[in-house]
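Subject: The structure, handed over

Hello,

Here is the structure I promised to pass on. Please open it first, then read my notes beside it.

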Amino acid sequence: MKEIEMENIIRIVDMTLQYPPADEDADPQTAIDGLSLEIKEGSFVAVLGQNGSGKSTLAKTINALLPPTGGDIFVCGMNTKDDELIWEIRRSAGMVFQNPDNQLVSAVVEDDVAFGPENLGVPTEEIRQRIDDAMKKTGIFEQRKKSPHMLSGGQKQRVAIAGVIAMRPRCILFDEPTAMLDPKGRLEVMNIIKALKKEGITVLLITHFMEEAAEADRVIVMRQGKIAADAPPADLFSDTENVRRLGLDLPPAVEIRELLRAGGVDISDDVLDMGSLARVLCAGAEVTDGTERRRVREE
Amino acid sequence: MLRDITLGQYYAKDSVIHRLDPRVKIVAVIVYIIMLFLVRDFIGYAVSFAAAAAVICASGVPFRFILRGMKPVAVILALTFLLNLFLYPGTVLLSAGPFHITQQGLHQALFMACRLILLIFGTAILTYTTKPMKLTDGMEALMSPLSRFGFPAHEIAIIMSIALRFIPMLVQEADKIMKAQQARGADFESGNIIRRVRSLMPLFIPLFIGAFRIAQDLAMAMEARCYRGGTGRTRLHVMKLHKRDAAASVLLAVYAGLILAERILPALF
Ligand SMILES: Nc1ncnc2c1ncn2[C@@H]1O[C@H](COP(=O)(O)OP(=O)(O)OP(=O)(O)O)[C@@H](O)[C@H]1O
Ligand SMILES: [Mg+2]
């Protein structure tokens, strides 16, 4: 039993979440509808779905910000309904929100990163060590004395991530962390997410960007509070019909791949991002290039 | 226009006064203010002025910066001075029509003016040499013994520090909304005061709605980062008293002693 819990860092069993009705006569709003899900420790899971499909609600229930109205959620084996475990659950499964401005607490970057450890009662010397580590990891160490309102959106979001890392979580939930960033900021944040995953931290990334989902090990698609699809990105995006039916787009690289396929070029399903697409195409080009050069030499 | 607003008025420098423990500085300013109200005669103000001037010199904050702090209260200062000058009863020195200047009035007017100016000196030095965050920390530490009696010391401190974080952001936001409305023909700068206040209303409404959104998001983000009030919380910055703080406290005691002596033992002066 214990071993299973360790392997599945998050285990959700037939969970339902209803928001209280807006007024007395209205029906309660069902945001999550009998959802079951298991997430392995160390995996990188992307969550897709249209607006209002319940993605943010799911993240908030895992973080014990919302108690489920039905079913159970276990984070590292701890039930989120147990009030005594709430703080340990929030420490183990940190959360980064969409709006970089509305989640920073302090007027100084390093003080903000220290906010979580301070709340956990970490001793002063250790706080210093943890926040310096976290700020270096997210590349904002040079900005540590600045005020957040002097930073770019991408930098602010990295401060928020550092604040979560400093709590030493085993899992981080990202709720559309790149939605309000420019392309450069998005890239910076994605690089940190990938680095965290490499370190063995479990990542749950809610996003509307298909190319971000393509980087995950596993993609979950939500619809009306239920899981509509659950597959590795290569499998999910290979069935273009199904992707459209789920109300999603294809990642740009897959879109090009499909056009190339239609034009007769043979490319594998594993090609999901621009980098590997370029590599595959260049590999092909090198062959033709090489044969041409050889021909020139022969002449 | 709104970007000129800066919070506090910290003057960055690495002086002894800047490095003093914020708790010591806050206590010193409170003692200094109490002493100003205990002063009996101008000699006490001379002592206070000497003390304030010495601290200003040691802090390296240019004197004109301290004077700048006078500007917002200049009207109050002038008003108190004039009211005291003309309305105080006593032996008439000068009179022109319905206005009389009495000897006691002149004394009282100068006396009050000195007190006000010295009050401003004290608070100006404190805010020029202490970062707002440190001030908040200092106040929290000083008030925390009261929390045993239910006084919300930690809550007040966290409210102040959140305000420090979000006021510049709200100012930026207001600036943005103002520009957007100006681009559509709104006029914030002409007309009388009532017109101008009225034209600001469409600015405040989106600003307030924005502020409530921020409050909601921020509360959730704080909870997600395990915030549960002041109990069991540790701090990144721990305030420690140094030798300089002890020295400053001794000097403060000497100053307070002089003023009390002036009040209680007039024969000495
Ligand atoms: N605080 C709330 N009170 C009542 N209903 C809510 C609340 N928050 C969300 N809902 C409803 O719950 C459902 C799921 O919302 P949720 O925010 O989880 O969706 P989402 O997938 O995150 O959407 P988005 O892509 O827009 O972020 C929606 O129908 C929404 O209207
Ligand atoms: Mg959402």
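Chain A carries 36 positive and 51 negative side chains. The centres of these two sets are 5 Å apart. Keep in mind throughout that this is a predicted model.

**Chain A overall**

Chain A has 12 helices and 10 strands. Its C-alpha trace spans about 80 × 50 × 40 Å along the principal axes. Of its 299 residues, 52% count as buried. The accessible surface of chain A is about 13900 Å². Carbon and sulfur atoms make up 49% of that surface. Now take the contacts in chain A with a separation of 6 or more: 63% of them join residues 24 or more positions apart.

**Helix 7 of chain A**

Look at residues 183–198, which form helix 7.

**Two buried loop residues**

Ala216(A) sits in the loop between helix 8 and strand 9 (218–223) of chain A. Its relative accessible area is 8%, and buried means under 20%, so Ala216(A) is buried. Leaving out residues up to four places away in sequence, Ala216(A) touches Phe44(A), Val45(A), Ala46(A) and Pro233(A). Ala216(A) and Lys197(A) are 19 residues apart in sequence. Their C-alpha atoms are 9.6 Å apart in space.

Next, find Asn63(A). This residue is in the loop between helix 2 (55–62) and strand 4 (70–75) of chain A. Is Asn63(A) buried or exposed? Asn63(A) is buried, with a relative accessible area of 0%. Its contacts beyond four places in sequence include Arg90(A), Met95(A) and Leu173(A). Ala224(B) is one of its contacts too.

Most residues other than glycine have a negative phi. Two residues of chain A are worth a look here. Cys76(A) is not a glycine, yet its phi is positive, about 50 degrees. Cys76(A) lies in the loop between strand 4 and strand 5 (78–79) of chain A. At 17% relative accessibility, Cys76(A) counts as buried.

Gln224(A) also has a positive phi, near 50 degrees. It belongs to the loop between strand 9 and strand 10 (226–231) of chain A. Gln224(A) is exposed, with a relative accessible area of 67%.

**Aromatic pairs**

Tyr45(B) and Phe111(B) form a tilted pair, at 4.9 Å centre to centre and 55 degrees between the planes. This pair links distant parts of the chain. Tyr45(B) is in helix 3 (residues 42–59) and Phe111(B) in helix 6 (residues 103–129) of chain B, 66 residues apart. Tyr45(B) counts as buried at 2% relative accessibility. Phe111(B) is buried as well, at 8%.

Last, a cluster. Tyr11(B), Phe65(B) and Tyr128(B) form one aromatic cluster. Tyr11(B) is in the segment before helix 1 (16–19) of chain B. Beyond four places in sequence, Tyr11(B) touches residues including His18(B), Gly60(B) and Pro62(B). Glu155(B) is 144 residues from Tyr11(B) along the chain, and their C-alpha atoms are separated by 27 Å.

Best wishes

Conventions
Residues are numbered from 1 along each chain as its sequence is written. Chains are lettered from A and ligands numbered from 1 in the order in which they are written. This is a predicted model: local features need pLDDT of at least 70, side-chain atom pairs count only at pLDDT 80 or more; totals for chains, interfaces and linings use all residues. Side-chain values use heavy atoms; hydrogens and water are left out. Helices (H or I, at least four residues) and strands (E, at least two) are DSSP runs, numbered from the N terminus. Buried means under 20% relative accessible area, exposed over 50%, partly exposed in between (1.4 Å probe, protein chains only). Contact means heavy atoms within 4.5 Å. Accessible areas come from the Shrake-Rupley method with a 1.4 Å probe; for residues, only the protein chains shown count as cover. Lys and Arg count as positive and Asp and Glu as negative; His and the chain ends are not counted. The place of a charge is taken as NZ of Lys, CZ of Arg, CG of Asp or CD of Glu. The expected span of a helix is 1.5 Å times one less than its number of residues. Rings of Phe, Tyr and Trp (its six-membered ring) pair if their centres lie within 6.5 Å; planes under 30 degrees apart count as stacked, over 60 as edge-to-face and the rest as tilted.
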